[in-house]
Number of protein chains: 2
Amino acid sequence: MSPAETVRRASPADAQALAKLLHDFQKEYDEPTPGVAALAQRYEKLLGSGEMICLLVGDGPDGFAQLRFRPTVYSDGLDAYLEELYVVPSLRGQGLGRALLEAAMETSRAEGATRMDLGTAETDVAARKLYESTGFTNREGSPDGPVMLYYEREL
Amino acid sequence: MSPAETVRRASPADAQALAKLLHDFQKEYDEPTPGVAALAQRYEKLLGSGEMICLLVGDGPDGFAQLRFRPTVYSDGLDAYLEELYVVPSLRGQGLGRALLEAAMETSRAEGATRMDLGTAETDVAARKLYESTGFTNREGSPDGPVMLYYEREL
């Protein structure tokens, strides 16, 4: 099977698997993680309430995409936010990320989204190449417009 | 009155004023705008349903902050997204943006948010200075971590 054929939508029953993947993702980038148990509990709740849509790829599962949606003033459609995109390290470079991203865009369109945004690190060259080759831009307004930066803080 | 004393929370009755401000903002940066009438209709709906919180500053009103919230798997709190922060050109440099941003953080905490994120242009030096002086970072993980980029595409 091609990676694309193994992409499926996560149900609340996948909460534990998603929690494990996100926990590993956070640890890989030295980001804080509340641990698998707390993550699983929250995934179960947010997937069950429809607050979040996740897609899984592979038998492991071996990666996931995490999507949020918000109604917007800019259009009658929804804005989609790609909150996470992750593939386990040993299976990178085989098209799993691309399959997830393409399915995430397709799912978002089916949900009524007309735009997608995301944040990523400048040094994550593989991810940036994937985003740029699938039509994403980090230039404002036009291809030679200013670079768009992502900022955050704890409150 | 100091700028901070003029900050107030927008109600659906402020939809027209918000629409006018966002329309001007979009035009200033050569971004597409659906026009004041369509924007006003959507602001009225999203403010009325609680999908969005906006803050206004000054008598004009002279600027606004636009906030979105989402429950998250990373913590028990909400993630806040600062979708827009705008002050009319003639009144910039007088602390209105800072007053809006500080009120936006305070409002977000009161709503239960524990983190805030946003996107901005590399060339918008005044905005970046404001964000950086109020505790925002665009470095991942640590102050010398990689720069975080914001990407988007139409779907």
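**Notebook: the interface of chain A and chain B**

I looked up A:Thr120 and found that its bridge partner in strand 6 of chain B is B:Leu149. Strand 5 (residues 113-121) of chain A pairs with strand 6 of chain B in the antiparallel sense over seven bridges; two strands pair if DSSP finds at least two bridges between them. Strands (E, at least two residues) and helices (H or I, at least four) are DSSP runs, numbered from the N terminus.

I note that this is a predicted model, in which local features need pLDDT of at least 70 and side-chain atom pairs count only at pLDDT 80 or more, while totals for chains, interfaces and linings use all residues. Residues are numbered from 1 along each chain as its sequence is written, chains are lettered from A in the order in which they are written, and side-chain values use heavy atoms, without hydrogens and water.

I then turned to the whole interface. Chain B and chain A each give 58 residues to the contact (heavy atoms within 4.5 Å). Six salt bridges are found across the interface (a side-chain nitrogen of Lys or Arg within 4 Å of a carboxyl oxygen of Asp or Glu). One of them joins B:Glu152 and A:Arg115, with the closest N and O atoms 2.6 Å apart. Strand 5 of chain B gives the largest share of the side of chain B that touches chain A, nine residues.

Last, I inspected B:Arg42, which lies in helix 2 (residues 36-49) of chain B. B:Arg42 counts as buried because its relative accessibility is 14%, the cut-off being under 20% relative accessible area (1.4 Å probe, protein chains only).

Notes: Buried < 20%, exposed > 50% of the residue type's maximum accessible area, 1.4 Å probe, protein only.
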